Amino acid sequence: MTGKAMSFISDKQGTILKLFLGLVVAIFIGILITVYYVSKRSSPVFLDENGKPVNSQSQPANRY
């Protein structure tokens, strides 16, 4: 019985490996997309070295 199972696995080894690696890549891409959308929705508050919020919006340059 184990001889038949081992021969089946050895015959299909390349296919099984391709499917497994394809699944790993798909999960990795899914994680990257999820992290991208979660980080876009968040509104972080930047703090200076004293722990006070920093105005992160750009201001026009002082031309005087």
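Predicted model: local features only at pLDDT ≥ 70, side-chain atom pairs only at ≥ 80, totals over all residues.
1. On secondary structure, the protein chain has two helices and zero strands. Helix α2 covers residues 13-41. Buried residues account for 0% of the 64 residues in the chain; a residue would need under 20% relative accessible area to be called buried.

2. A nonpolar patch lies on the surface. Its members are V25, F28, I29, L32, I33, Y36 and Y37, and together they have about 730 Å² of accessible area. One of these residues, L32, lies in helix α2. L32 counts as partly exposed because its relative accessibility is 48%, between the 20% and 50% cut-offs.

3. Two members of the patch, Y36 and Y37, also form an aromatic pair. The count of such pairs comes to one. The ring centres of Y36 and Y37 are 5.3 Å apart, with 75° between the planes. The pair is classed as edge-to-face because planes over 60 degrees apart fall in that class.

4. Which of the two terms, exposed or partly exposed, applies to each tyrosine of the pair? Y36 has a relative accessible area of 44%, so Y36 is partly exposed. Y37 has 52%, so Y37 is exposed; the cut-off for exposed is over 50%.

5. The backbone oxygen of Y36 takes part in a further contact: the side chain of S39 reaches this oxygen at 2.9 Å. S39 is found in helix α2. With a relative accessibility of 44%, S39 counts as partly exposed.

6. S39 is in turn reached through its own backbone: the side chain of S42 comes to the backbone oxygen of S39 at 3.0 Å. S42 lies in the segment after α2. Its relative accessibility is 42%, and S42 therefore counts as partly exposed.

Definitions and conventions: Residues numbered from 1 in each chain as written. Heavy atoms only, no water. Phe/Tyr/Trp six-rings, centres within 6.5 Å; stacked < 30°, edge-to-face > 60°. Buried < 20%, exposed > 50% of the residue type's maximum accessible area, 1.4 Å probe, protein only. Patch = residues over 30% accessible without salt bridge, like charges linked within 9 Å, V, L, I, M, F, W, Y side chains within 5 Å. Areas by Shrake-Rupley, 256 points an atom, 1.4 Å probe, with all protein chains shown as cover. Salt bridge = Lys/Arg side-chain N within 4 Å of Asp/Glu carboxyl O. Helix = DSSP H or I, 4+ residues; strand = E, 2+ residues; numbered from the N terminus. Polar contact = N/O pair within 3.5 Å; in protein donor to acceptor, adjacent residues only side chain to side chain.
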